[in-house]
Each structure stands twice: as structure tokens, then as C-alpha cells.
Amino acid sequence: MLRLDKYLCGMNVGTRSQVKKELKLGMVSVNGETITRPEYKVDETTAQVAYKGKVLEYHKYVYYMLNKPAGVVSATKDNLHGTVAELLQSAGFGDLFPVGRLDKDTEGLLLMTNDGGLAHALLSPGKHVEKRYEAELEEGLSKEALQKLEQGVEIGEKHPTRPARVELLGEKKIALTITEGKFHQVKRMLEAVGNRVVFLRRVAMGSLELDESLAPGEYRELTKGEVEGLGGWLK
Ligand code: URA
């Protein structure tokens with residue numbers, strides 16, 4: 001059983017406050033009866049919920065992309081800092097969790113969902129899901145450093161990093177695509193070649209690309225195509 005306002009948020013009818021207004025206006029019916037109370041409990045597996053006369057198709061999982069801003073932590077709760085989950089709270093999605101972690105000072109693409117199976121698949125070390133980062137560096141990258149990053153560097157783990165791809169985007173800016181997710185990996189890789197990351201942003205994870213129209217702190221629901229693209233990792 002689920003609160004009706006939560007159900008409607010999940011079906012993307014609107015934010016929690018928009019949903020409450022729509023309910024008050026009598027726009028929602030459950031099994032043919034107009035319901036105005038946000039706390040009304042629906043059985044999401046059987047109820048016929050209609051918004052403006054159109055029956056909604058229930059889906060259990062929701063998927064959002066967040067452009068994580070610097071200064072918040074990739075967690076659901078934290079005693080000291082704001083969290084990525086809290087950013088989605090006003091939309092009624094405070095219970096989504098981030099798929100993986102970005103450092104507090106890192107910006108960019110973070111998938112937020114309640115789909116544990118997909119999260120597990122995307123984070124599974126054996127799947128080698130590509131993550132693409134844009135990094136601004138303290139110094140320009142030498143040819144040798146670039147080659148080392150691509151071949152694999154020692155960052156104090158059991159094995160060197162797996163082969164990566166490097167593109168030069170500017171004098172002191174690169175795109176680095178890696179297929180692992182070790183703690184502070186990009187920063188440690190650059191340190192291993194005598195450089196330093198001064199700004200880091202994730203722009204892609206698997207087939208999912210950051211929507212550049214999202215300012216840091218903004219989010220949007222994934223399109224059907226984007227969700228289907230990620231579903232390939234479940235196989
Ligand atoms: N690598 C890092 O060093 N930091 C991140 O946030 C992500 C990858």
C-alpha cells in the first residue's frame with residue numbers, strides 16, 4: 001500500500017505540492033471514486049488510478065538523472081552535509097538512492113533510483129561499465145602521461161588501473177573514460193602521473209549521458225529509451 005500523493009509523484013504527475021493541488025481540484029480518482037486526500041492509501045498492484053480521467057500505468061521503479069552540484073554528498077542521509085537524496089525531496093523522491101558515489105566536490109551525472117537490481121548491475125566490478133569524466137587539471141598532460149593513463153597506472157591497489165581512454169579537451173582539460181569505480185579513482189590516476197585534478201565532472205555512465213540542459217542541482221526523469229538502454233546491463 002502506498003500513499004496516493006506518493007503514487008502520483010512516482011507516476012510523474014507532478015511534485016508533491018503540485019500533486020496535492022491536483023487532488024484538491026478533484027482531478028484524481030481511485031477505482032472510479034474521486035479522492036482528494038493525499039494520505040489516502042492505494043494498493044499499487046491492483047488500484048485503477050486515473051488522473052484527469054486517464055488511467056495511469058503503474059511502474060514500481062523510478063529513475064532520475066541528477067546533475068550533482070559540488071558541496072553535497074552522494075548519500076541518502078548525512079549528519080554534517082546536504083545529500084543528493086535531499087535534493088530530490090521536494091519532488092517527492094527523497095527515498096531514491098544514488099547509483100555509486102561522486103566525491104563531495106565532484107559534479108555531474110548521478111543516477112538516482114529505487115531499482116536495486118539495476119544499481120547492483122551497474123556497480124558490479126565484473127561488468128566494467130564505462131564512466132566518462134571531464135577533468136580540469138593543474139598542468140597540461142604530457143604524451144607519456146596520457147599513454148600511462150590509457151595503459152593503466154599504479155594507484156596503490158592490488159592491480160594497476162584497467163585500460164582507459166583519454167581525450168584532450170583543452171590545454172589543461174581532458175575527458176577520461178574508465179571502467180572501474182575505485183575510491184577517488186580519477187584523482188588518484190592523475191596523481192600517479194604527477195598531475196592534479198582541480199575540477200571533476202562525470203558526464204556519462206554506460207549509455208546514459210548527462211543532459212547538459214540540467215544546471216548543477218537540477219534533475220529530470222529518465223526517458224523510456226534511457227531506461228531501456230541501461231536495462232542491457234541486467235543481462
Ligand atoms: N573519481 C574521483 O576521483 N572522484 C569522483 O568523484 C569520481 C571518480
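In this predicted model, Leu4 is buried, with a relative accessible area of 0%, and the residue lies in helix α1. Apart from its neighbours within four places in sequence, Leu4 is in contact with Leu23, Val28, Val30, Ile35, Arg37, Pro38, Tyr40, Val42 and Val49.

In soluble globular proteins, nonpolar side chains tend to be buried together.

Just after α6, Gly194 takes a positive phi of about 75 degrees.

Positive phi values are also found at two residues that are not glycines. The phi of His184 is positive, at about 50 degrees, although this residue is not a glycine, and its place is in the loop between β12 and α6. With a relative accessibility of 30%, His184 counts as partly exposed. Lys52, likewise not a glycine, has a positive phi of about 50 degrees and is placed in the loop between β5 (49–51) and β6 (54–55). Lys52 is exposed, because its relative accessible area is 56% and the cut-off for exposed is over 50%.

The count of aromatic pairs comes to 2. In the pair formed by Tyr7 and Tyr58, the ring centres are 5.2 Å apart and the planes stand at 20 degrees, so the pair is stacked. Because Tyr7 lies in helix α1 and Tyr58 in the loop between β6 and β7 (63–68), this pair ties together parts that are 51 residues apart in sequence. Tyr7 is buried, with a relative accessible area of 1%, whereas Tyr58, at 29% relative accessibility, counts as partly exposed. In the pair formed by Tyr64 and Tyr219, the ring centres are 5.9 Å apart and the planes stand at 65 degrees, so the pair is edge-to-face. This pair links distant parts of the chain, with Tyr64 in strand β7 and Tyr219 in strand β15 (residues 219–221), 155 residues apart. Tyr64 is buried, its relative accessible area being 6%, while Tyr219, with a relative accessible area of 24%, is partly exposed.

Empty space around the protein atoms was examined as well. Rolling a probe the size of a water molecule over the atoms shows where empty space is left. The largest pocket has a volume of about 610 Å³, and of the 29 residues that line this pocket, Arg101, Glu180, Gly181, Lys182 and Phe183 are the closest to its centre. By residue class, the lining of the largest pocket divides into 12 nonpolar, 9 polar and 8 charged residues.

The second largest pocket has a volume of about 330 Å³. Of the 14 residues in its lining, those closest to the centre are His59, Glu221, Leu222, Lys224 and Val227. Helix α7, made up of residues 224–231, provides the largest share of this lining, with 3 residues. The lining of the second largest pocket divides into 7 nonpolar, 3 polar and 4 charged residues.

Definitions and conventions
Residues are numbered from 1 along each chain as its sequence is written. This is a predicted model: local features need pLDDT of at least 70, side-chain atom pairs count only at pLDDT 80 or more; totals for chains, interfaces and linings use all residues. Side-chain values use heavy atoms; hydrogens and water are left out. On a 1 Å grid over the protein atoms alone, a cavity is a set of points where a 1.4 Å probe fits but cannot get out, and a pocket is an open set with protein on both sides within 12 Å along at least five of seven lines; lining residues have an atom within 4 Å of a point. Grid points are joined across faces, edges and corners, and a volume is the space filled by probe spheres set on the points. Ala, Val, Leu, Ile, Met, Phe, Trp, Tyr, Cys and Pro count as nonpolar, Asp, Glu, Lys and Arg as charged, and the others, Gly among them, as polar. Helices (H or I, at least four residues) and strands (E, at least two) are DSSP runs, numbered from the N terminus. Buried means under 20% relative accessible area, exposed over 50%, partly exposed in between (1.4 Å probe, protein chains only). Rings of Phe, Tyr and Trp (its six-membered ring) pair if their centres lie within 6.5 Å; planes under 30 degrees apart count as stacked, over 60 as edge-to-face and the rest as tilted. Contact means heavy atoms within 4.5 Å.
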